[in-house]
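Visitor: Could you walk me through this protein model, one question at a time?
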Amino acid sequence: MNEQAILTNITGDLQSAPARCVIYLEGRTDPDVFFALLGLPMPTGGIHQGVLVRGLADTDGSGAAAVTARTQLGLRLGSSARVLGFTDGDGRPLAELTALFDAPHSGPLFSWKAYSIENLLQCTGWPRGWGAAPDWSRDLRRYAPYVGLNRIHRRFSEILT
């Protein structure tokens with residue numbers, strides 16, 4: 001795809017997202033896993049709280065390069081639009097992935113700290129080259145408050161709606 005075609009696609013995606021925000025993932029099946037990690041069912045049309053989550057199909061030039069191109073081109077659209085992207089770890093060093101994913105969350109391009117998003121869901125994707133695998137039960141426990149807070153927000157939203 002040429003640059004103008006990609007910009008046209010981004011603009012169309014942003015127009016379909018009420019919050020004028022789109023998150024691009026490398027593959028067309030990645031949104032299912034993305035929402036599973038959030039503990040949510042896949043929403044109709046891939047739109048959650050006004051944000052479009054879109055996995056790129058082969059016809060879009062799926063993969064890290066396609067996601068990277070979209071986030072870079074999205075910066076040209078200005079502050080009224082948010083174009084974010086997540087790429088897989090694909091064998092890159094842990095230090096590089098940590099800098100792209102952990103705080104201070106500079107974005108707009110992020111990388112999973114695993115070979116792929118599916119590995120995050122399975123917690124089996126720790127490459128030997130990164131050293132000993134983390135203690136998953138200990139390390140994932142720190143995210144429990146976020147899960148609880150998200151559930152409270154969803155419940156209050158349902159009640160107030």
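Visitor: In what order do the strands of the open sheet lie?
Guide: This is a predicted model, where local features need pLDDT of at least 70, side-chain atom pairs count only at pLDDT 80 or more, and totals for chains, interfaces and linings use all residues. Residues are numbered from 1 along each chain as its sequence is written, and side-chain values use heavy atoms, leaving out hydrogens and water. Strands (E, at least two residues) and helices (H or I, at least four) are DSSP runs numbered from the N terminus, and two strands pair if DSSP finds at least two bridges between them. The open sheet has 5 strands with mixed pairing, in the order β2-β3-β1-β4-β5.

Visitor: Which strands sit at the edges?
Guide: Look for strands that pair on one side only. Those are β2 (47-48) and β5 (109-111).

Visitor: β2 pairs with β3, but which way do the two run, parallel or antiparallel?
Guide: In general, strands of a sheet pair through backbone hydrogen bonds, either parallel or antiparallel. Here 2 bridges join β2 to β3 (residues 51-55), and Ile-47 stands opposite Leu-52 in β3. The two strands run antiparallel.

Visitor: What angle does helix α1 make with β1?
Guide: Helix α1 (residues 3-16) packs on the sheet, touching β1 (21-25), β2, β3 and β4 (82-87); contact means heavy atoms within 4.5 Å. Axes are lines fitted to C-alpha atoms, for helices over the stretch in contact, and angles run from 0 to 180 degrees between N-to-C directions. Taken that way, the direction of α1 makes about 125° with that of β1.

Visitor: How far apart are the closest N and O atoms of Arg-76 and Glu-3?
Guide: These two form a salt bridge, meaning a side-chain nitrogen of Lys or Arg within 4 Å of a carboxyl oxygen of Asp or Glu. Arg-76 is in the loop between α3 (64-75) and β4, while Glu-3 is in helix α1, so the pair links distant parts of the chain, 73 residues apart. The closest N and O atoms are 2.6 Å apart.

Visitor: Is Arg-76 buried or exposed?
Guide: Buried means under 20% relative accessible area, exposed over 50%, and partly exposed in between (1.4 Å probe, protein chains only). Glu-3 has 41%, so Glu-3 is partly exposed. Arg-76 has a relative accessible area of 55%, so Arg-76 is exposed.

Visitor: Which residue forms a salt bridge with Asp-102?
Guide: Asp-102 lies in the loop between α4 (94-101) and β5, and its partner is in the loop between β5 and α5 (117-122), so the pair ties together parts 11 residues apart in sequence. The closest N and O atoms are 3.1 Å apart. The partner is Lys-113.

Visitor: Which helix holds both Glu-158 and Arg-155?
Guide: Glu-158 and Arg-155 form a salt bridge, with the closest N and O atoms 3.3 Å apart. They are 3 residues apart, about one turn of the helix. Both lie in α7.

Visitor: What is omega for the peptide bond from Ala-103 to Pro-104?
Guide: Most peptide bonds are trans. This one is cis, and Pro-104 is in the loop between α4 and β5. Its omega is near 15°.

Visitor: Where is Gln-49?
Guide: Gln-49 has a phi near 50°, a positive value in a residue other than glycine. With a relative accessible area of 66%, Gln-49 is exposed. Its place is the loop between β2 and β3.
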